[in-house]
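Colleague: Hi! I'm new to this one, could you walk me through a few of its side chains?
Modeller: Happy to, let's get it on screen.
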Amino acid sequence: MAPIFVGPTDDNSKIRDNRVGFAISTANPGSASEGDVYFNSSDSGLRAYDGSAWSAVGAGGGTYSGIASGAISNGDPIIVGTGGTLGIISSTNFTEAYGALQTWYNAAAYRIESVYHETEDKVVIVYQDGSDSNKGKVKLGTVSGTSISFGSASTFNSGITMPLGVAYDPDEEKIIIAYVGDDPYHGNAIVGNVSGGSVTYGSPVTFNAASTSSSGGVTYDSNAKKVVIAFEDDGDSEKGKAIVGTVSGTSISFGSEVEFESGRVTVGRPGFDASNNRIVIPYSDRDDSEKGKAVVGTVSGTSISFGSPQVFSTSNTGTEFEAKYHPPSGNMVIDFVDDTDSGHGYVIVGSVDSSDNSMNFGTAVEFANYNTYYLGLAYDADAQKFFLGHSDYTNSLSKYAVFTVSGTTPTMLSTGTQINSHNSSHVTSVVDTSSKRTVMVFTSTGAGYFSQGRAIVFRHAFLDTNLTSTNFVGFADANYSDGATAKVQIVGSIDDAQTGLTTGSIHYVQKDGTLSTSAGTPSVLAGIALTDTKILIRK
């Protein structure tokens with residue numbers, strides 16, 4: 001039989017006696033009809049046009065089988081769970097709530113810092129023990145529901161200690177504590193290994209051999225896998241400086257100090273911008289009318305370089321501020337106190353420009369219309385909300401605010417909510433990602449006692465779900481009972497057990513297991529509707 005050719009002898013389609021050739025292109029054609037097929041040379045795969053969009057051919061399709069975890073109905077969106085089990089998407093609608101006030105130290109606790117240890121599922125509290133010669137100590141908290149319990153304290157420095165901050169290194173699974181010791185008042189760091197309910201420490205390392213102020217903080221750069229400590233160098237005219245640390249086991253080593261502000265500063269808690277891989281350090285410039293400023297740094301090896309400082313507040317910002325990352329927008333949130341506005345509290349959102357390490361800020365929004373101080377900011381990724389614990393010095397109360405962020409705009413959902421009937425100081429807030437709770441840690445004063453270390457567990461109002469950005473696998477092919485072998489139609493297959501779809505539209509899986517033409521959070525693509533009951537599963 002003689003070969004048959006359709007089209008010229010180039011990249012157009014051909015039919016021959018032993019194969020079929022398809023038109024070749026590096027991109028989807030600009031116009032197409034349903035049923036058109038071509039070979040994409042950029043990814044070496046066939047693509048077909050279904051009347052609305054191009055889809056890969058032969059890259060998926062078919063079914064996957066696994067053990068059902070719970071009852072499954074035909075057409076249910078299915079996720080893969082622990083051990084490869086298959087189950088439906090479930091959700092719970094939580095209301096805002098907080099538990100009873102917990103006492104973790106029945107005496108004076110100062111300069112409190114906190115962090116969450118992911119692998120050990122512990123809230124780590126670092127503090128200066130004012131009732132035991134001002135030693136540096138750590139307590140571990142375990143969250144259960146809206147309660148938290150604590151173990152015994154461990155001492156990481158037996159001399160006078162002023163903690164600067166604490167960070168968690170997820171790569172080494174260690175905590176890093178920066179503090180000012182009495183040797184005399186040098187900047188030191190120590191690495192702690194948390195195991196169960198105890199902490200063991202490596203040897204302390206001095207990162208600043210001059211007199212170091214108690215203002216500053218610590219953050220972890222997950223891109224460079226380095227610790228960054230920001231501090232005020234009292235031994236060098238109170239300049240703002242930062243240094244990069246490398247953790248190995250329970251040891252830490254440092255590069256050289258780098259100056260980010262030549263004037264006198266008060267340094268806040270720094271944060272890490274994961275979208276731009278940049279460090280953001282907020283501070284008050286005491287040689288420039290105490291304006292609130294932020295500087296953006298890039299870690300390279302064991303060093304850090306900075307762009308020009310950016311002003312986020314022309315008012316006197318005092319000494320309380322911190323920077324927290326907002327993953328959905330890729331921006332940084334800074335809280336601060338405006339001392340020229342009767343000590344009222346504000347938050348402002350800034351976007352980092354990685355091309356020159358600058359920042360562009362939106363408009364500051366007030367969260368406290370009273371004299372406030374001691375701020376503790378935390379972001380809950382599940383609820384997609386910020387919690388801001390703080391003191392109300394005007395009325396001697398402990399309060400919190402809740403807000404969301406869109407772009408560079410913060411929106412207050414609640415402000416001035418009382419959480420304790422006494423004043424608070426040395427406030428810090430931390431999210432326990434396992435329990436999806438926020439813990440506000442502080443020192444409470446009044447009511448017949450001098451001071452006590454206190455904590456409250458807070459829960460945001462949110463729709464909790466077991467759906468993630470990666471665990472959706474497809475749609476159930478039939479009804480299955482718990483423990484049965486379930487068959488799931490996967491990418492490339494067409495599921496015909498749906499209802500109410502919008503023909504020709506992309507659909508997304510929602511937190512409650514329904515489908516919608518709008519992306520949810522997380523954004524999970526289901527596929528394209530071929531009819532109101534059929535969906536071509538896509539990734």
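Colleague: Which ring does the charged end of Lys-399 sit over?
Modeller: In this predicted model, the charged end of Lys-399 is placed over the ring of Tyr-370, 4.3 Å from the ring's centre.
Colleague: And what does Arg-437 lie over?
Modeller: Arg-437 lies over the face of Phe-94, with 5.6 Å to the ring centre.
Colleague: Nice. How many aromatic pairs are there in the whole structure?
Modeller: Searching the whole structure gives 21 aromatic pairs. Take Phe-260 and Tyr-283: their ring centres are 5.3 Å apart and their planes are at 55 degrees, so this pair is tilted.
Colleague: Where in the chain are those two?
Modeller: Phe-260 is in strand β27 and Tyr-283 is in strand β30, 23 residues apart, so the pair links distant parts of the chain.
Colleague: Are Phe-260 and Tyr-283 buried or exposed?
Modeller: Both Phe-260 and Tyr-283 are buried.
Colleague: Which residues do ring pairs link into a cluster?
Modeller: That cluster is made of Tyr-98, Phe-387, Tyr-400 and Phe-458.
Colleague: Switching topic, where does Ser-154 lie?
Modeller: Ser-154 is in strand β17, which covers residues 154–157.
Colleague: Why does Ser-154 count as buried?
Modeller: Because its relative accessible area is 17%, and buried means under 20%.

Terms used: Residues numbered from 1 in each chain as written. Predicted model: local features only at pLDDT ≥ 70, side-chain atom pairs only at ≥ 80, totals over all residues. Heavy atoms only, no water. Helix = DSSP H or I, 4+ residues; strand = E, 2+ residues; numbered from the N terminus. Buried < 20%, exposed > 50% of the residue type's maximum accessible area, 1.4 Å probe, protein only. Phe/Tyr/Trp six-rings, centres within 6.5 Å; stacked < 30°, edge-to-face > 60°. Lys NZ or Arg CZ within 6 Å of the ring centre and 35° of its normal.
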